[in-house]
Amino acid sequence: MNAHRDRGPRLAQRALWWIADYLYAGWRQVRAFFSRADPRGFAEGDGTRPPVLIIPGVYEPWRFMLPLIRDLHGRGHPVHVVDPLRDNRVPVAAGARLVDEYLAARGLDGVVIVAHSKGGLIGKHVMSFGASAPRVRAMVAISTPFGGSRYARFLLGSTLRSFSPRDATLSLLARSLDVNARIVSVFPRFDPHIPEGSELAGARNVRVETGGHFRILAHPRTVAEVRRAASLARAGDEAAAGPGLDPGRDPGRDPHP
């Protein structure tokens with residue numbers, strides 16, 4: 001009897017989270033479709049902050065992540081998107097090649113990747129195997145299926161079935177452990193797409209007390225972790241500069257709280 005009572009609220013809460021998640025995703029897709037934002041408008045920063053590269057999830061155009069892009073750009077970061085990814089339906093390795101080529105073509109260094117879902121797999125592939133891997137300082141991966149999803153085998157099309165835990169690319173990435181220490185994995189308490197969760201061994205794992213695969217992008221804790229990673233990257237750049245750093249200032253302190 002008590003167990004039945006306990007199960008009810010959990011299921012009800014999950015249902016509410018699921019509904020809210022798809023409402024958020026639908027709203028963001030509509031906003032992205034009608035947006036006329038130009039990626040070139042975000043590619044210049046204030047000259048003091050490290051560049052950020054945005055990698056959205058599958059079926060998501062880069063404009064799906066505009067709230068995070070605008071937040072980071074407003075804080076002085078040059079923010080880059082890889083427009084040839086389109087809605088990110090290419091295989092992970094192919095997407096990683098596009099990102100790799102973009103980083104090299106623009107000569108970006110000290111980059112912080114901010115990725116959602118499949119975008120985190122692409123980001124880790126670049127960090128692990130890309131020729132431009134040394135250009136990437138860190139990554140914040142939000143709701144990324146590092147271990148795959150057992151639901152993938154029930155889905156239509158190779159794009160979604162590639163998230164199977166038995167997928168060769170996911171297995172390859174799982175064996176790449178060295179880069180995990182430079183990854184922050186942010187994930188919700190309940191993710192309807194990834195029942196296994198997004199915890200990554202050796203990474204900084206941040207569980208957000210909410211539910212949903214998409215709406216976590218707008219959660220204040222997620223935004224704070226993205227800002228934190230970008231600030232730490234900046235602090236690392238200043239520390240590497242040596243004598244130019246003001247010893248009286250905390251290099252990890254962000255002047256934009």
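Start by selecting Ser185: across from it, in S6, stands Asn205. Two strands count as paired if DSSP finds at least two bridges between them. The elements themselves are DSSP runs, numbered from the N terminus: helices are H or I runs of at least four residues, and strands are E runs of at least two.

Before going on, note that this is a predicted model, in which local features need pLDDT of at least 70 and side-chain atom pairs count only at pLDDT 80 or more, while totals for chains, interfaces and linings use all residues. Residues are numbered from 1 along each chain as its sequence is written, and side-chain values use heavy atoms, with hydrogens and water left out.

Select residues 183–190, which make up strand S5. Of its 8 residues, 7 are buried; here buried means under 20% relative accessible area, exposed means over 50%, and partly exposed lies in between (1.4 Å probe, protein chains only).

Gly202 counts as exposed because its relative accessibility is 60%. Leaving out residues up to four places away in sequence, Gly202 touches Asn180 and Ala181, where contact means heavy atoms within 4.5 Å. Draw a C-alpha to C-alpha distance from Gly202 to Arg182: the two are 20 residues apart in sequence and 8.7 Å apart in space.

**Two loop residues with positive phi**

Most residues other than glycine have a negative phi. Go to Ser143, in the loop between S4 and helix H5 (158–161). Its phi is positive, near 55 degrees. Is Ser143 buried or exposed? Ser143 counts as buried, because its relative accessibility is 0%.

Now select Asn88, in the loop between S2 and helix H3 (92–106). Asn88 is not a glycine, yet has a positive phi of about 60 degrees. Asn88 is also buried, since its relative accessibility is 0%.

**His80 and what surrounds it**

Move to His80 in strand S2 (residues 79–81). With 8% relative accessibility, His80 counts as buried. What does the side chain of His80 join? A polar contact of 2.8 Å links it to the side chain of Tyr102. A polar contact is a pair of N or O atoms within 3.5 Å; within protein, one must be able to donate a hydrogen and the other to accept it, and residues adjacent in sequence count only if both atoms are side-chain atoms. Setting aside neighbours within four places in sequence, show the residues in contact with His80, including Ala43, Pro51, Ile54, Arg106 and Leu108.

Select residues 66–74, helix H2, and display Leu66, Leu68, Ile69, Asp71 and Leu72, which are buried. An α-helix has 3.6 residues a turn, so residues three or four places apart point the same way. After H2 comes Gly76, with a positive phi near 105 degrees.

Pro50 is in the loop between H1 and strand S1 (52–55). Pro50 is buried because its relative accessible area is 3%. Although 181 residues separate Pro50 and Ser231 in sequence, their C-alpha atoms are 8.5 Å apart.

**A surface patch**

Next show Val30, Phe33 and Phe34, a nonpolar surface patch with about 370 Å² of accessible area together. Patches are made of residues with over 30% relative accessible area and no salt bridge; like charges are joined within 9 Å, and nonpolar side chains (Val, Leu, Ile, Met, Phe, Trp, Tyr) within 5 Å. A salt bridge is a side-chain nitrogen of Lys or Arg within 4 Å of a carboxyl oxygen of Asp or Glu. Val30 belongs to helix H1 (residues 2–34) and is partly exposed, at 46% relative accessible area.

**Zoom out**

Finally, show the protein chain as a cartoon: 7 helices and 6 strands, in the sequence pattern α-β-α-β-α-β-α-β-α-α-β-β-α. Of its 257 residues, 48% count as buried. Among contacts between residues at least 6 apart in sequence, 72% join residues at least 24 apart. The accessible surface is about 12800 Å², with 56% of it belonging to carbon and sulfur atoms; areas come from the Shrake-Rupley method with a 1.4 Å probe, and for residues only the protein chains shown count as cover.
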